[in-house]
Every structure is written in C-alpha cells, then in structure tokens.
Amino acid sequence: YAESEEAFSEYSQQIYDCLNEYHQLYNIYNDYEGVNNIKTINDNAGIAPVKVDRKIIELLLFSKEKYELTNGKVNVAFGAVLSLWHEHRQAGLDDPENATLPDFEELTLRAQHTDINKLIIDEGASTVYLEDPEMSLDVGAIAKCYAVEKTALEMEKAGFKNGMISVGGNVRTIGSKFDDQGNEAPWNVGIQNPDLESEQKTIHVLNLTDYSLVTSGIYERNYTVNGEIYHHIIDPETLMPAKYFVSVTIACQDSGLADALSTALFNMPFEDGLELIESLDGVEAMWIPYDGPYKYSSGFQELIKDYQN
C-alpha cells in the first residue's frame, strides 16, 4: 500500500534493489564485478581470509547461532555435501533417463569437511576464512528469507508501513492490509498443498500482521532416480534427503529464523521439532507427514483464518 502510484513504484524499486544486493552478496554460483561474496569466500578456502561486506558477516554470525539452536540440523558449512547432490540433481533434470544418485562413499568423505567451527569470522577486520580447503559454504537454507527480513526492516525505516514481500513462496508481511471499508485487517496468506495434483491448492489461509510464513517441502526442487523422487533437503546425519515430512511450515516474526527452522524441523522427528518450537516465543509450526493427519504446535491453529476452537 502506498499513497500514490509513484510512491508505490519507488518503494518497489527500493525493495528490488535491496534484495538484489543481498542476492549478489550471498550468491555461491556467480562472481560480480567489485563484489566479494560467498563464492569468493569458497574460492579462497584454505588460502586466505576474504574481506567482505558487513551484511555477509551478520548472515554468517546469525547462521552460527541457528546451528547451535537446531543442534546442527542447519549448517551453512555443509556445502561440500550439498554441491554433490546439486550436481547429480541438475544432471538428472537435464537427462532424466540417466539420472544417478551421488556415491555414498564420496558423500561420507565430503561430510568430513563440514565443520562449522572452521568457519573463522573476524568482525574487527570484517573477514571470513574457511580453514579447511575442502570446505564450502551453502547458505541456501537461511539466506533468502534472512535477506527478506533485512529488506523489510530497512523498508520500515524508510517509512513503508503496509505491504507484503513474497519471494519464492516465502512471505513477510509488513503492517496490515485494508478491507473494503478502509479498516486495517490482517494479511491473508495461504499454505500451498504439497500434493500438486490436488484440486485443493491451499491447505490453510492464515491471518498475519508483521509476521513471516516460510514453508519447506519436497515438491520444490527434486529429481527422480529409478522411479523414486529425491528432494533437495539433505539430513546432515544420513547425508540423504530427509524422510520425515512432505512439508514443514513456520510462522513467526523473523523471516530468517523461520527459514532456518523450517529446514531444521524437516530434518528431525516430530517430537524433537515440537519440543524446539514450544521452547521459542512467538514461533508456530505445522507439519505435513507422508501419511496421517497434519500436526501443529500449540498456537498455530489460532493463526488460521476463520478457525473455530
């Protein structure tokens, strides 16, 4: 919402520019002229510390905190393993008939180079160094929504009061929307049905004000090998795609936290995930198992539009 089309365009451009800056900084695949990004850090693993923008330092400090919070279920130092899965998934999508799984022995060898304690951050010098030359960072489980959260906060400082940012299905609401009478009302945000064949496209619609909604699911990025689907969320313990749930949804204020938690809960049994969520203030979760009823944290259903207790 803005007072004029001109103001709306201005805010939209600011949001785009902000997200684009984060995209370049947090990219692990591409170089950008004059930018030291995550790829630059990976390229210099075991060679030298890399001087980086404060936005990268803050992301990596945040990521280390979430590693501790989730008992290692979200690890940005897991790139050596994830890159091998990425290579096989991409090759399998390009040539489905010859799709293959990564060699488990190679996955195991690569897993020896995922120690987050070898990610050395020097805040004073604003440098990042990977001590292990075989190690690489992959911030995919955190960076997108972390960037959305930071962008939302920057926009609020710039005077943006009411809006919604949706990036790849992950939503951050700012303030409220307005109903037909011009009264403030919560934003209505749907949770996608992971069964893409179903006529019911949305499972629930939530009422959200200054809140984020983030879902991790097996339907997002996957490929098929010998008739079996392999998705992109890899369990750090088994080194294979996690098999607990079809999707996990997190609702909380901080979009970056929601992103980290949705991945972490995907990689742990329901009881462990529920215990973690119930220990956090203002965080709710919904789990969709492969079979059986949906599962909810204690306050999640109260966010559902028209929910009757």
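Two strands count as paired if DSSP finds at least two bridges between them. With that in hand, welcome to this predicted model.

**Strand 14 and its partners**

- Strand 14 covers residues 284–289, and it pairs with strand 13 (residues 245–252) in the antiparallel sense over six bridges.
- Strand 15 (residues 295–296) also pairs with strand 14 in the antiparallel sense, here over two bridges.
- Strand 14 and strand 15 make a hairpin, with five residues between them.
- In the turn of that hairpin, look for G292, which has a positive phi of about 95°.
- Is strand 14 mostly covered or uncovered? It is mostly covered, as six of its six residues are buried.
- That cover reaches both faces of strand 14: E284, M286 and I288 are buried on one side, while A285, W287 and P289 are buried on the other.

- Three strands form an open sheet with antiparallel pairing, and their order is 1-3-2.
- The edges of this sheet are strand 1 (50–51) and strand 2 (119–122), each of which pairs on one side only.
- Strand 2 is joined by four bridges to strand 3 (residues 127–130), and the two run antiparallel.
- Helix 3 (residues 54–69) lies across strand 2 and strand 3, and it runs at about 130° to strand 2.

**The largest pocket**

- How much space lies in the largest pocket? The volume is about 1200 Å³.
- The lining is made up of 43 residues, and D138, V139, G140, A141 and R221 are the ones nearest the centre of the pocket.
- The elements giving two or more residues to this lining are helix 1 (5–26), helix 4 (79–94), helix 6 (143–157), strand 10 (212–217) and helix 7 (255–266).
- Which of the elements gives the most to the lining of the largest pocket? That is helix 4, with six residues.
- By residue type, the lining of the largest pocket divides into 21 nonpolar, 15 polar and seven charged residues.

Note on methods. Residues numbered from 1 in each chain as written. Predicted model: local features only at pLDDT ≥ 70, side-chain atom pairs only at ≥ 80, totals over all residues. Heavy atoms only, no water. Contact = heavy atoms within 4.5 Å. Axes fitted to C-alpha atoms, helices over the stretch in contact; angles between N-to-C directions. 1 Å grid on protein atoms, 1.4 Å probe; cavity = no way out; pocket = protein on both sides within 12 Å on 5 of 7 lines; lining within 4 Å. Points joined across faces, edges and corners; volume = space filled by probe spheres on them. Nonpolar A, V, L, I, M, F, W, Y, C, P; charged D, E, K, R; others polar. Buried < 20%, exposed > 50% of the residue type's maximum accessible area, 1.4 Å probe, protein only.
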